[in-house]
Amino acid sequence: MSKFTIEVADTAVESRLLHFLSDLEKNFPAKLQWQVKQPRKTNGSAKPDTSLSERFEAHFQRWKKETAPLSSTHAMFSHPDYLEIIKLGGAAVPLILKKMQVDPQHLFYALLKITGENPVPAVHIGKFDKMTNDWLDWGRQKGYLQK
């Protein structure tokens, strides 16, 4: 028997995924055991999975070091370690937001891709400090960071 858990932040995607998995289960009864859940939110006191934290930190540090001399955000956002941060999915959102509090970097696109949300108003686009604050405020409102 195969067991797996899938984290889905978007309820529309979750609904389609549950439908797909139900159809799959009909064709392969008793072969699969699955669970679909929302990404875990933390109130700042719960610690994320250590291996996830370690992977995030390794990707972040490599990305930061290798893209430091670059001015192209496209090059920054297409860097393999940045893409790996995005692949960490919803469970990495608290890690990203906490990192932005102490070491603000261009992590906005990763948050946008992972969450499907964009709390940055048009008047703040291109203003790094304001964009950072918009995302941190969003994280507090959503329960990822302490208020």
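Contact here means heavy atoms within 4.5 Å. The legends below describe a predicted model.

**View 1. Helix α5 and its buried residues.** Helix α5 spans residues 93-102 and is mostly covered. Seven of its ten residues are buried, namely V93, P94, L95, I96, L97, K99 and M100.

View 2. K99 lies in helix α5. The residue counts as buried because its relative accessible area is 12%, where the cut-off for buried is under 20%. Beyond its neighbours within four places in sequence, K99 is in contact with F56, E57, F60, Q61, P104 and L107.

**View 3. The polar contact between K99 and E57.** The side chains of K99 and E57 are joined by a polar contact of 2.9 Å. E57 is also listed among the residues in contact with K99, together with F56, F60, Q61, P104 and L107.

**View 4. The crossing of helices α6 and α7.** Two packed helices are described by the angle between their axes and the distance between the axes. Helix α6 covers residues 108-115 and helix α7 covers residues 128-141. Their axes come within 11 Å and cross at roughly 35°. The crossing of α6 and α7 is left-handed.

**View 5. The residues that make the contact of α6 with α7.** On α6, the contact is made by F108, L111, L112 and T115. On α7, F128, M131, T132, W135 and W138 take part. By class, the contact of α6 with α7 comprises seven nonpolar and two polar residues, with no charged residues.

Methods. Residues are numbered from 1 along each chain as its sequence is written. This is a predicted model: local features need pLDDT of at least 70, side-chain atom pairs count only at pLDDT 80 or more; totals for chains, interfaces and linings use all residues. Side-chain values use heavy atoms; hydrogens and water are left out. Buried means under 20% relative accessible area, exposed over 50%, partly exposed in between (1.4 Å probe, protein chains only). Helices (H or I, at least four residues) and strands (E, at least two) are DSSP runs, numbered from the N terminus. A polar contact is a pair of N or O atoms within 3.5 Å; within protein, one must be able to donate a hydrogen and the other to accept it, and residues adjacent in sequence count only if both atoms are side-chain atoms. Axes are lines fitted to C-alpha atoms, for helices over the stretch in contact, and angles run from 0 to 180 degrees between N-to-C directions. A crossing is left-handed if the near helix is turned anticlockwise from the far one by less than a right angle, and right-handed if clockwise. Ala, Val, Leu, Ile, Met, Phe, Trp, Tyr, Cys and Pro count as nonpolar, Asp, Glu, Lys and Arg as charged, and the others, Gly among them, as polar.
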